[in-house]
Amino acid sequence: MRTVIFSLAAASLALLAMASCNDTNSNYKALISNEWVLESIVDHEREAVLSVPDDVYIVFADSSRVYGNAGCNTFNGFYETEAHDQIGMSRLATTQMWCFNMDFETDYLYRLEKVTSYEATDEKLELTGTGNSFTLHYRSSVKSSPRNR
């Protein structure tokens, strides 16, 4: 009887682990299947929603490369995902054009390097910063055909 109960418990845990893996896997597939247009930045520490320029986007390529437009300059770098929808970006580099809204761009790129988790569906992406200090909200602009992939 103990063997049957132990076997049922082990099978239940295995199914739960596989379901969790599938949720994470679909989250990752959505992340890399879209070009994401920034809709808003919610700064939880200042309790403010920041306005954003129209042309800010980000693309996560399946090769661990990230690229996009920060409002004026284009950027590229690397990202790494881990279990439980953790993500980190590093070595972000930009072109060096000067534009009127450089304060936004500097702040946006700083926040990208502070992102620690993500949640993605086919239509929406949320990138959350260290300690839930901010959330970047994106919408999908082009399904399955991001720029320059």
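A polar contact is taken here as a pair of N or O atoms within 3.5 Å, where within protein one atom must be able to donate a hydrogen and the other to accept it, and where residues adjacent in sequence count only if both atoms are side-chain atoms. The views below show a predicted model, in which local features need pLDDT of at least 70 and side-chain atom pairs count only at pLDDT 80 or more, whereas totals for chains, interfaces and linings use all residues. Residues are numbered from 1 along each chain as its sequence is written, and side-chain values use heavy atoms, with hydrogens and water left out.

View 1. Asn34 lies in strand β1, which covers residues 34-43; helices (H or I, at least four residues) and strands (E, at least two) are DSSP runs, numbered from the N terminus. The side chain of Asn34 is joined to that of Ser140 by a polar contact of 3.0 Å, and the Asn34 side chain also reaches the backbone oxygen of Ala30, at 3.2 Å. With a relative accessibility of 2%, Asn34 counts as buried, a class that means under 20% relative accessible area, while exposed means over 50% and partly exposed lies in between (1.4 Å probe, protein chains only).

**View 2. The chain as a whole and its confidence.** The protein chain contains two helices and nine strands, which follow the pattern α-β-β-β-β-β-β-α-β-β-β when read along the sequence. Of its 149 residues, 37% count as buried. Among contacts in the protein chain with a separation of 6 or more, 54% come from residues 24 or more positions apart, a contact being heavy atoms within 4.5 Å. The average pLDDT of the protein chain is 83, and 79% of the residues score at least 70, where pLDDT is the predictor's confidence in each residue, from 0 to 100. Over residues 3-23 the pLDDT stays under 50, and for this stretch the model has zero contacts beyond four places in sequence.

**View 3. The disulfide between Cys72 and Cys99.** Under the rule that a disulfide is a pair of cysteine sulfur atoms within 2.5 Å, the count comes to one disulfide. The pair is Cys72 and Cys99, whose sulfur atoms are 1.7 Å apart. Cys72 lies in the loop between β4 (65-69) and β5 (74-82), and Cys99 in the loop between β6 (86-94) and α2 (102-114), so the pair ties together parts that are 27 residues apart in sequence. The torsion about the S-S bond of Cys72 and Cys99 is about 55°, and the disulfide is therefore right-handed. Cys72 is buried, at 11% relative accessible area, whereas Cys99 is partly exposed, at 24%.

View 4. A search of the whole structure finds five salt bridges, each defined as a side-chain nitrogen of Lys or Arg within 4 Å of a carboxyl oxygen of Asp or Glu. In one of them, the side chains of Lys124 and Glu39 meet at 3.2 Å, N to O. Because Lys124 lies in strand β8 (residues 124-129) and Glu39 in strand β1, this pair ties together parts that are 85 residues apart in sequence. Glu39 also forms a salt bridge with Arg139, with the closest N and O atoms 3.7 Å apart. Arg139 belongs to strand β9 (residues 134-143) and Glu39 to strand β1, so this second pair ties together parts that are 100 residues apart in sequence. Relative accessibility places Lys124 at 43%, Glu39 at 36% and Arg139 at 35%, each counting as partly exposed.

View 5. Asp43, Arg46, Asp107 and Arg111 are linked in a network of salt bridges. Asp107 is partly exposed, with a relative accessible area of 25%, while Arg111 is buried, at 6%.

**View 6. The largest nonpolar core and Leu127.** The largest nonpolar core has 29 residues, and those with the most contacts inside it are Ile58, Phe60, Tyr108, Leu112, Leu127, Leu136 and Tyr138. Helix α2 gives the most to this core, with four residues. Such a core is a set of buried Ala, Val, Leu, Ile, Met, Phe, Trp, Tyr and Cys residues joined through side-chain atoms within 4.5 Å. Not counting residues up to four places away in sequence, Leu127 touches several residues, among them Phe60, Met89, Leu112, Val115, Tyr118, Phe134, Leu136 and Tyr138.
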